[in-house]
Amino acid sequence: MTNTALPDTLPSTDTFAIARDGTRLSYRLTPAQNPAKTNARLVLVHALAMDKNLWNGTIAALKGAADIITLDCRGHGLSDKPAGPYRVEQFADDIADILAHAGWESAIVTGASMGGCVALAFASDHGDKTDGLGLIDTTAWYGENAPDAWQKRADKARDEGLSALLAFQKTRWFGDSFRENPANNAVIDSAVETFLTNDISAYHATCMMLGAADLRSGLAGFDFPCVIRVGSEDYATPIEMAQAMASAIPDAKMEIMDGIRHFSPLEAPDMIAAALQELIGDVTAATNNS
């Protein structure tokens with residue numbers, strides 16, 4: 001996403017961590033603007049076929065309210081693209097390895113779409129490193145038909161190229177009014193550019209991973225603050241999927257974003273920043289009361 005650079009007022013550092021299997025993982029650390037006023041640390045995990053820049057608008061809207069790590073998941077962006085198969089638990093372990101490289105003991109982990117599945121796996125497998133959980137446009141399980149549906153999408157990309165999926169994807173990513181507004185062309189074009197530059201083999205492996213993912217068993221054991229956000233027009237991970245997570249996770253706070261579709265960090269970064277501010281507040285209060 002070349003058209004969504006962070007503003008100069010939010011300096012950041014890009015570097016690489018090495019995962020436990022040797023995979024190089026690209027991540028960016030954007031420090032809090034006033035560290036004396038916050039101890040919050042956020043990890044933001046992007047959607048399928050996107051990269052760390054998915055969160056630039058959200059980070060700008062947060063105005064330096066926390067130390068933030070964004071990353072390119074394996075198979076994406078500047079990170080290595082090892083051969084599959086991939087597992088969502090493997091992506092979660094990658095986050096743990098990035099935290100270790102950055103010297104962070106724990107963080108609030110938030111993910112969008114695929115990134116939400118990864119965040120759920122991280123919270124299940126690395127609960128001691130999870131201060132809070134943000135679930136954006138995501139699900140714990142895509143349903144009984146998921147393996148077949150994701151297989152078809154993966155095979156279409158492999159056989160016809162990612163461009164064959166583009167028209168379908170754009171209508172799922174962004175609402176009609178957002179796509180029709182010329183002011184949003186740069187955001188849309190940047191997402192399209194990122195999508196089309198994906199490695200086909202890695203995309204295929206990640207699709208298969210999502211088709212197999214089922215994170216439902218761990219939800220009831222989460223004992224940290226959690227916020228859930230879903231767009232009212234999200235057809236990729238619809239409201240019912242968000243409600244299922246909210247019902248299973250103790251004290252989860254769910255809100256529906258009116259008129260928003262699947263890529264809310266791009267379509268409504270201010271709304272996502274507000275949700276993260278709420279989550280930071282809940283984590284701070286839970287810490288002070290413990």
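Which helices do the buried residues of helix 7 pack against? Keep that question in mind during the tour, which ends at helix 7.

This is a predicted model, in which local features need pLDDT of at least 70 and side-chain atom pairs count only at pLDDT 80 or more, while totals for chains, interfaces and linings use all residues. Residues are numbered from 1 along each chain as its sequence is written, and side-chain values use heavy atoms, with hydrogens and water left out.

**The sheet**

Begin by selecting the strands, which, like the helices, are DSSP runs numbered from the N terminus (helices are H or I with at least four residues, strands are E with at least two). Eight of them form an open sheet in the order 1-2-4-3-5-6-7-8, with mixed pairing, where two strands pair if DSSP finds at least two bridges between them. Strand 1 (13-18) and strand 8 (253-257) each have a single partner strand and stand at the edges, so one side of each is left without a neighbour in the sheet. From one strand to the next, the twist averages 20°, with axes taken as lines fitted to C-alpha atoms (for helices over the stretch in contact) and angles running from 0 to 180 degrees between N-to-C directions.

Next select strand 7 (residues 226-231), which runs parallel to strand 8 and is joined to it by five bridges; Val227 has Lys253 of strand 8 as its bridge partner.

Now move to strand 3 (41-45), where four of the five residues are buried, so the strand is largely enclosed by the rest of the structure; buried means under 20% relative accessible area, exposed over 50% and partly exposed in between, with a 1.4 Å probe and protein chains only. Strand 3 pairs in the parallel sense with strand 4 over four bridges, and four bridges also join strand 3 to strand 5, again in parallel. Select Leu44, which stands opposite Thr70 in strand 4 and opposite Thr110 in strand 5.

**Helix 7**

Finally, select helix 7 (residues 185-196), whose buried residues are Ile188, Ser190, Ala191, Val192, Thr194 and Phe195. These buried residues pack against helix 5 (166-173), helix 6 (176-180), helix 8 (200-212) and helix 10 (264-267), where contact means heavy atoms within 4.5 Å.
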